Amino acid sequence: MIAGRARAGHRAVDVVVVGAGHAGLAVSRCLAERGIEHVVLERGEVANAWRHERWDSLRLLTPNWQSRLPGYGYTGAARDGFMTLPEVVGFIDRYARQFRMPVQTHTNVSSVRAAADGYRVTTDRGEWWCAAVVLASGACNWPAFPTLRQELPTSVASVSALGYRNPDQLEPGGVLVVGASASGVQLADEIVRSGRNVWLAVGEHIRLPRVYRGRDIQCWMDELGVLDERHDAVDDIVRARRVPSPQLVGSPERSNIDLNALRERGVQLVGRLVGISGNKAQFSGSLSNHCAMADLKMARLLGRIDALVASAGHAPECSERPRPTCVDASPRIALDLASIRTVVWATGYRPDYRWLEVPVLDTKGRLRHDGGVVDAPGMYAMGLPFMRRRKSSFIHGAEDDARDLTAHLAGYLDRRSGGSASTRPRAIRAP
């Protein structure tokens, strides 16, 4: 316990959780169940990123029955539906209120530093002293722009997926969307429906049908155990954490959103953006290869589903396999930017750790951790892609991760209070 060691003007607590999104709140609930004194510091409001950093029409990619957190879950009638943005905010906000979580909102953390007895957390509302820190500030704080963005001519506006809200904010004229993962295909679809000419730059991507054999693809992935695959059971976890989000959209119609659907709506497909020279955008010639690889990986997954059905000895409704991705025989490799007024960068996100003054970042600014156990005594992470399991970054993935990490954190606190010679936490291994 560190309580009671606070200095004048400082407060002490066993654990400080940075961030009151779904991941930070899941940790808070698990800490409370163990009777561990803690506080949750949030720079804005509960679910702040969902409130202020997402586009207007966004829905969850996961069905409502998967929306669950420790001690809490979706209870509405539309179990197979997909929450809208206001519904997600309400879901997370009610969670914090129902369990009266110790959240201090509108508290900006400016520094986390190591101290003799733990960590000193400096905010614009005072300082906290704690034995352990949980970094749950989100994995999508900043857009991950490619360096070639700097080469765009001044006549072309530049918007990130984080800054995009709806088509009305865009300049009249053509739009180039860069990136064909979940965000990119959804934005391309919405923008082309607004009447604009849209080009979509496509690199590596994951293609999945929304429904297969009469069931949502998330049902099958859950049943196959894909979503529970662990970080310490894959050959290359660094690469696994960079795998693009699947081309899925949550909609009342449970519709597909893949490159074929976008082509039918008028989106023009080009390869990965590799350069900008003057008024010319240059694309790789690998569009066909990227699409063929995505089709192959999808076919393998659907084959696993078919095998699962066969092994069960019954045949649920059969669905036709999605047809192969259709691309032009000779896709264009250059585009005159005179026809483009806006580039929308759907090129991924990265966390913001500018306030973290502990040497736990690698040369690329990524957090060094083993399944959420950070490379510093008493420091943990939550909500990162494939942090402990493939589902870690999803709302329903937070519960298992939070329970694992709080169990480890509780052991760390016990060792401290017991005067253990070594306080460095060891990586959690599979049971």
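Is the crossing of α1 and α3 left-handed or right-handed? Before looking, note that this is a predicted model, in which local features need pLDDT of at least 70, side-chain atom pairs count only at pLDDT 80 or more, and totals for chains, interfaces and linings use all residues. Residues are numbered from 1 along each chain as its sequence is written, and side-chain values use heavy atoms, with hydrogens and water left out.

Select α1 (residues 22–33) together with helix α3 (residues 85–98); helices here are DSSP runs of H or I with at least four residues, numbered from the N terminus. Their axes, which are lines fitted to C-alpha atoms over the stretch in contact, lie 11 Å apart at an angle of about 25°. The two helices are therefore roughly parallel, a word used for angles under 35 degrees between N-to-C directions, on a scale from 0 to 180. The crossing is left-handed, meaning that the near helix is turned anticlockwise from the far one by less than a right angle. Now show H22, L25, A26 and R29 of α1 with I92, Y95 and A96 of α3, which make the contact, defined as heavy atoms within 4.5 Å.

The crossing of α1 and α9 is right-handed, the clockwise case. On the α1 side, select residues including H22, A26 and C30, which meet α9 residues, among them A402 and L409.

Methods:
Parallel < 35°, antiparallel > 145°, perpendicular 65-115°, else oblique.
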